[in-house]
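Have a look at the fold, then read on.

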Amino acid sequence: MKKTYLISTVVSLLLSLHANNVPMIKNMVNVKDFGAVGDGLYKDTRAIQKAVNTGKIVYFPPGVYRTGTIYLKSGGGLHLAAHAVILASPHPEDYNKDDFDKRNPIPVNEYASGAHLIIARDASDITISGSGSIHGNRNKIFDTDLIHMPRGRRPRYLMPRWRPGAMLYFIGCKNIKVEGVKLTDPTYWTAFFHDCENLVINRVIIMSDYFTNNSDGLDIDCCRNVKITNCTIFSGDDSIAIRGSERKLNKVAECANVIVDNCTLASAACGVRVGVGTGTIRNCKLSNLKIVDAGIGIGICPSYRFGNATRIDNIEFSNIKIDAVQALRMMPSWNTVKDDPAIKKVTNLSFNNIEARSSKASIIAYPSQEGIFDNITIKDSTFTLSEGSVGPMVKYWTTPEYGIINIRGKSKPHIINCRGNSPDNKPLILQKSH
């Protein structure tokens, strides 16, 4: 009798897994076996954490699992069936304390807390997979759809009294794989990977509201050996940010060997932004990208804040289509052209086979010190300005003249076999001295 019951149970489990299209993974447990309800109303945090604490991959059947902070463990992870949703709680008391880890960022200047929905710290061999969704619950946490224009900038939702920080936060982790899932409606950054190694992000869809302030897609900070492929990212801020911010780590940890391939990016800010921090970013290859409906297609800036600068070296961009307000902005400092004593070199950048369409001229603004920007090559590329296009922002370019690419300073990039098209036949390159 016991044997018959065991066989029946195993068969039922196999049929259930097959019905929900779950691959047979040896170390998998069902979150409902730990008491999760999945009705979107009951708080499932304890049940989810109990399942995660087994160290196995936690399977989420179809349903809505409302939860606060989940702490992932080495060797485990999450697998979401189709129509399974992990939904962020709107209540601050359901989240981690800001000071749970000394490395945890608390971006008070951006009116966000240090709370996160999913955390992994100093862990390894973690997988987040499936075809379900992780939902940041922005609408409920903000509790408003009213927008305003902060200091004349692009429109944003009115900020709530409290909001979580990055929805996914991985710090000091190794061998991480995120595949197939949808990451939607964050209140701040969607996924932040800091000081991680061997990170694979594949076939991930990120959808954040265009009007949500600071709603980056992927923030890759001081990480090594990263591969981002086949992703679609629509974000209210930078879609992919490659950073070198060491301050919270209290150690040297460069951002190196980052590959981004075959992705579609849309952003209210930058499709791709390289910079931020005081460390080093090097050896990155970005290829086969479609950057659509972006404020800036590609933004490169060693000094995001005065006195802090990132060393940037050996970054390759190839086979990229850009449709943006400004296709390319390369500046020593993001908000000003004044020289920063902390500035570090930007060297060995190549742009190959770039097809760009924009309404504002691109700009490469060199600082006064020669040699800061060195060995910049643009090859086999076409830059097109649309009807009614304008020059760069006045603070960068003080006359009404504009070209397809404006260069400020004495140095010249290597422009090889490139075309520029503009409504009034302006030259491809327009250069001005300091």
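## Rings, cores and a covered helix

Let's start with Phe192: with a relative accessible area of 4%, Phe192 is buried. Buried here means under 20% relative accessible area, exposed over 50% and partly exposed in between, using a 1.4 Å probe and protein chains only.

A word on ground rules. This is a predicted model, where local features need pLDDT of at least 70 and side-chain atom pairs count only at pLDDT 80 or more, while totals for chains, interfaces and linings use all residues. Residues are numbered from 1 along each chain as its sequence is written, and side-chain values use heavy atoms, with hydrogens and water left out.

How confident is the predictor? pLDDT is its confidence in each residue, from 0 to 100. The chain's mean pLDDT is 90, and 90% of its residues reach 70 or more. Residues 1-21 are another matter, as pLDDT stays under 50 there and the model has 8 contacts for them beyond four places in sequence. Contact means heavy atoms within 4.5 Å. Where pLDDT is low, the predicted coordinates should not be read in detail.

Zooming out, the chain has 3 helices and 34 strands. These are DSSP runs numbered from the N terminus, with helices (H or I) of at least four residues and strands (E) of at least two. Of the 434 residues, 56% count as buried. Among contacts between residues at least 6 apart in sequence, 73% join residues at least 24 apart.

Back to the rings. The whole structure holds 12 aromatic pairs, and two of them share Trp189. Rings of Phe, Tyr and Trp (its six-membered ring) pair if their centres lie within 6.5 Å; planes under 30 degrees apart count as stacked, over 60 as edge-to-face and the rest as tilted.

| Aromatic pair | Centre to centre | Between planes | Type |
|---|---|---|---|
| Tyr188 and Trp189 | 5.3 Å | 15° | stacked |
| Trp189 and Phe192 | 4.9 Å | 85° | edge-to-face |

Trp189 is buried too, with a relative accessible area of 10%, and so is Tyr188.

Now for the greasy parts. A nonpolar core is a set of buried Ala, Val, Leu, Ile, Met, Phe, Trp, Tyr and Cys residues joined through side-chain atoms within 4.5 Å. Which residues have the most contacts inside the largest one? They are Phe170, Phe193, Ile220, Phe317 and Phe351, in a core of 102 residues. Strand E26 (residues 311-330) gives the most to this core, with 9 residues. A second, separate core has 12 residues, including Ala112, Ile171, Tyr188 and Cys222. Phe170 touches Phe192 and Phe193, among others, not counting residues up to four places away in sequence.

Next, helix H2 (residues 45-52), where 6 of 8 residues are buried. What covers those buried residues includes strands E1 (28-30), E2 (39-43) and E3 (57-60). One of the buried set is Gln49, which has a relative accessible area of 14%. Leaving aside neighbours within four places in sequence, Gln49 is in contact with Thr69, Ile70, Tyr71 and Lys73. Gln49 and Lys73 sit 24 residues apart in sequence and 9.8 Å apart in space, C-alpha to C-alpha.

Last stop: Ser235, in strand E21 (residues 232-235). Ser235 counts as buried because its relative accessibility is 2%. Its side chain reaches the backbone oxygen of Asp237 at 2.4 Å.

Notes:
A polar contact is a pair of N or O atoms within 3.5 Å; within protein, one must be able to donate a hydrogen and the other to accept it, and residues adjacent in sequence count only if both atoms are side-chain atoms. pLDDT is the predictor's confidence in each residue, from 0 to 100.
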